[in-house]
Amino acid sequence: MSTDAWIISGVSVLYLLGCLWVGMRGGKGATDSAVGYVAGDRALGPVLMYFITGATVFSAFSFLATPGLAYTSGAAVFYVLGYGLVGFIPFYFLGPIAAKLGRERGYITQGEMIAGACEHRWLAGTMALVSALSFIPYLALQVKGAGLVVNRLTEGQVPEWLGGAVCYVVVLAYVLKSGVLGVGWTNVFQGVLMMALAWAFGLWLPYKLYGGVGNMFEAIAAAKPEIEGDAATRFLSVPGGRTGQWFVTSGLISMVGFTCWPHLFMKAFSARDDRTLRRTVVFYPTFMVFLVPIFLIGFAGVLFPNPPPNPEQILPHMLMSLDLPALVVGLFCAGALAAGMSTGDAIVHASASILVRDGWITALKRPMSSTAERRAVRILIVILMVASYALAVWYEGDLVRLLLYAYGPVAQFLPGLLVSLLGRRRDGVAVHVGLIVGVVTCVALKYEPSWSPYGVHEGLWGLALNVATLLVVALARGWRPFSPAGGNSARA
Amino acid sequence: MFGTRSKLPHYLFAGHALVAAVCVVGPGYLWWGSNARPFVLGLPWSLVWAILWLISVFVSLLLYEHWTRKCEVERERAEASGKRDP
């Protein structure tokens, strides 16, 4: 390896050691129970909650795929800011209701709560399966992103499979040892690092290449003139290089999916109190500002002389082409790894907890002692990590496609979530049948996109059929929405 | 500004959130925020549109939380005085 590759690898290894140290120490103070391991004894304060939600959402997708989308499709990328901005608002209201239920009935996962409220245990099982099937590609995306960054920045000397493997062995170590508190404290460390680096590169690259942000956009507008009414020439105007349907429906499904993500939603059971939960939502937009420099990085690459081999490599490609000191490139590498790992750790921890709590304990009615539950979660963490790693090594498509695949099935949880938290009559069978129809529709349209009319995201078609099925089944089972009694008491 | 029994803050916040959703995720972006020009502080209007909504949503969340907290404090105080004077 060249000296530069050694320095870059050295900075990345230092960062990984830092994560390991923070993550291993993070779990101190938690009780030796399943609630301690999965929900941090319901005692997370505002700082941990802020970073755990913020850094969890900003992933390898934000650091690699977002600049890649800006680079290829221009203003289409702004949908990311849009859905992130409004997607968390429902949590302001739903979070405290869920937390109250959690405290009263001992819930620590979303599926367990919905199944409990609807009195239909199989609902938890289906939700656990859907969550795991959605989480694996999402986790694979983080592993793939980590491998890609390390590979590109070491000029191909560290293969993608090795870079991804090393990073996720570190994640595995601190998640297994410290549970949600390890995830939380590493997210604080990773969140600060990636925000600082995103701003530094987001402002510096336009300055270095164009003389400033304004000059950069003027240069892009001059190089890619837009003709009024000609959609093919759009770049800086929304929806950029994509269609209006793509922009709106991708934003909508991502917004719904964002509200329903089980690993985010279950943090409602981890917060110290309702005020902490509400403040997490209130300050969440300050984390979204971090997307602006990420966009600037992508736009900085638009007129870059030699194109990268893959659009998602635009940022590492620019950094490698600019003859920067290896230390700076190494720092970027650490920032990108932080983005991927801060999401990956939360996902793997949540998905294993969900499979054990919702699938095994709730759906299959196999009660466990707290110690056995902790052990089962840890074993599943290892299995899920291996499965995601295998998918990351095998999958060769683009990262955005992989993320949008994950959002569709998760968005199907919305009707169940609303019925369980806000409904007066909760028909578990109707919610369950609706969920199955929604997920099957979504997956079928994903694999056969020509069946999806009007270019609408398959998750939205799934959601529409999900709600329609829920209503039809509930009505067939005796629900009368306009009767003075408020309907029957159809329960599973 | 608003009494703790007023329902207006709820409606105002919900209405604002709904409008924000239409304007940044829904078709509102394509109707009103899509153009590249004018450039504001060097940024295209299509990006400025999203940033303005971000600021607006943050401010509305701050105000709503402030009001919610005020209601909570008043409720806690009422409960405490109720306990003292049965």
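A search of the whole structure turns up 10 salt bridges over all chains, and a few of them make a handy way in. Keep in mind that this is a predicted model. Chain A averages a pLDDT of 85, with 95% of its residues scoring at least 70.

**Salt bridges**

- Side chains of opposite charge can pair when their charged atoms come close.
- One such pair is A:R103 with A:D274, at 3.5 Å from N to O. A:R103 sits in helix α6 of chain A and A:D274 in helix α13 (residues 274-288) of chain A, so this bridge ties together parts that are 171 residues apart in sequence.
- Neither end of that pair is buried: A:R103 is partly exposed at 44% relative accessibility, and A:D274 is partly exposed at 24%.
- A:R278 pairs with B:E72, and their closest N and O atoms are 2.7 Å apart. Since A:R278 belongs to helix α13 of chain A and B:E72 to helix α3 (residues 45-84) of chain B, the pair joins two chains.
- Both A:R278 and B:E72 are buried.
- B:E72 also bridges to B:R69, at 2.6 Å from N to O. These two lie 3 residues apart in helix α3 of chain B, about one turn of the helix.
- B:E72 has a relative accessible area of 13%, so it counts as buried, while B:R69 is partly exposed at 24%. Through shared partners, salt bridges link A:R278, B:E65, B:R69 and B:E72 into one network.

**The largest pocket**

- The largest pocket holds about 490 Å³ of space. Its lining has 19 residues, and the closest to the centre are A:V86, A:I89, A:P90, B:A17 and B:L18.
- Helix α1 of chain B gives the most to this lining, with 7 residues. Helices α6, α11 and α19 of chain A each supply at least two.
- What kind of residues line the largest pocket, by class? The lining has 17 nonpolar and 2 polar residues, and no charged ones.

**Buried spots in chain A**

- Helix α7 (residues 110-118) of chain A is mostly covered, with 8 of its 9 residues buried. Among them are A:Q110, A:E112 and A:M113.
- Just after α7(A), A:E119 takes a positive phi of about 50°.
- A:H263 lies in helix α12 (residues 262-265) of chain A. With a relative accessible area of 2%, A:H263 is buried.

**Confidence along chain A**

- Over residues 486-492 of chain A, the pLDDT is below 50.

Technical notes. Residues are numbered from 1 along each chain as its sequence is written. Chains are lettered from A and ligands numbered from 1 in the order in which they are written. This is a predicted model: local features need pLDDT of at least 70, side-chain atom pairs count only at pLDDT 80 or more; totals for chains, interfaces and linings use all residues. Side-chain values use heavy atoms; hydrogens and water are left out. pLDDT is the predictor's confidence in each residue, from 0 to 100. Contact means heavy atoms within 4.5 Å. Helices (H or I, at least four residues) and strands (E, at least two) are DSSP runs, numbered from the N terminus. Buried means under 20% relative accessible area, exposed over 50%, partly exposed in between (1.4 Å probe, protein chains only). On a 1 Å grid over the protein atoms alone, a cavity is a set of points where a 1.4 Å probe fits but cannot get out, and a pocket is an open set with protein on both sides within 12 Å along at least five of seven lines; lining residues have an atom within 4 Å of a point. Grid points are joined across faces, edges and corners, and a volume is the space filled by probe spheres set on the points. Ala, Val, Leu, Ile, Met, Phe, Trp, Tyr, Cys and Pro count as nonpolar, Asp, Glu, Lys and Arg as charged, and the others, Gly among them, as polar. A salt bridge is a side-chain nitrogen of Lys or Arg within 4 Å of a carboxyl oxygen of Asp or Glu.
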